[in-house]
Amino acid sequence: QRAVLSLDIRNAYGEVSWIVALRAVLKRAPMLAGPLATLWHTGSTAVHTAAQDGTWTEWPIQGSFIQGNLEAQAIFCLIMAVALDAVCADPALAEWAPIIRHWQYVDDWIIQAPTECVPALMQVLEKVLADLGLPLQLAKCRWHVPGLRGVAEAEWPPTAVRILDVLTVSK
């Protein structure tokens, strides 16, 4: 059986530190490191908001991204690429890595994997994302095994039952 996992990272953009972002940029797009370091060298970036009366307010943001900033989405994608590289290279998943499928769009991550590797995969994902300062919000993560649709839980194979210890089933 193959499981489909949907991952949720808590406050994805707000959790990212500029240090982690620069490390990811150095690994995946090193030519951007200099311009980003220049942009971030003050330790904060200013966000401007307009009020209904036409006045503007400046808000300093320290050490993380704001969703919607010019650089945020592209840099977050580089961080997620570093996370994917680390997950795919982890020795605990070596046996399954060639048949695990990943789909990512910014902070959304969908994974299709054999049910027997899901517990090990979740341990690797939690470690890799924690190392990047990106905690999984397990209460919002879901898994689904299309082949078990309509099958009573008592009849599930042991590999699918073990996933229940890690994630909530999506019915």
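The model is predicted, so local features need pLDDT of at least 70 and side-chain atom pairs pLDDT 80 or more, while totals for chains, interfaces and linings use all residues. Residues are numbered from 1 along each chain as its sequence is written, and side-chain values use heavy atoms, with hydrogens and water left out.

The protein chain holds six helices and seven strands, which are DSSP runs numbered from the N terminus (helices H or I, at least four residues; strands E, at least two). Along the sequence they follow the pattern β-α-α-α-β-β-α-β-β-α-β-α-β. Of the 171 residues, 36% are buried, meaning under 20% relative accessible area with a 1.4 Å probe, protein chains only.

The largest pocket has about 210 Å³ of space. A pocket is an open set of points on a 1 Å grid over the protein atoms alone, with protein on both sides within 12 Å along at least five of seven lines; a cavity is a set where a 1.4 Å probe fits but cannot get out, and lining residues have an atom within 4 Å of a point. Helix 2 (18-28), helix 4 (72-89) and helix 5 (118-131) each give the pocket lining at least two residues, and helix 2 gives the largest share, four. Among the lining residues are R23, K27, D90 and D131.

One cavity of 30 Å³ or more is found in the whole structure. The largest cavity, with about 30 Å³ of space, is lined by V87, C88, L93, A97, I100 and H102.

How values were computed:
Points joined across faces, edges and corners; volume = space filled by probe spheres on them. Buried < 20%, exposed > 50% of the residue type's maximum accessible area, 1.4 Å probe, protein only.
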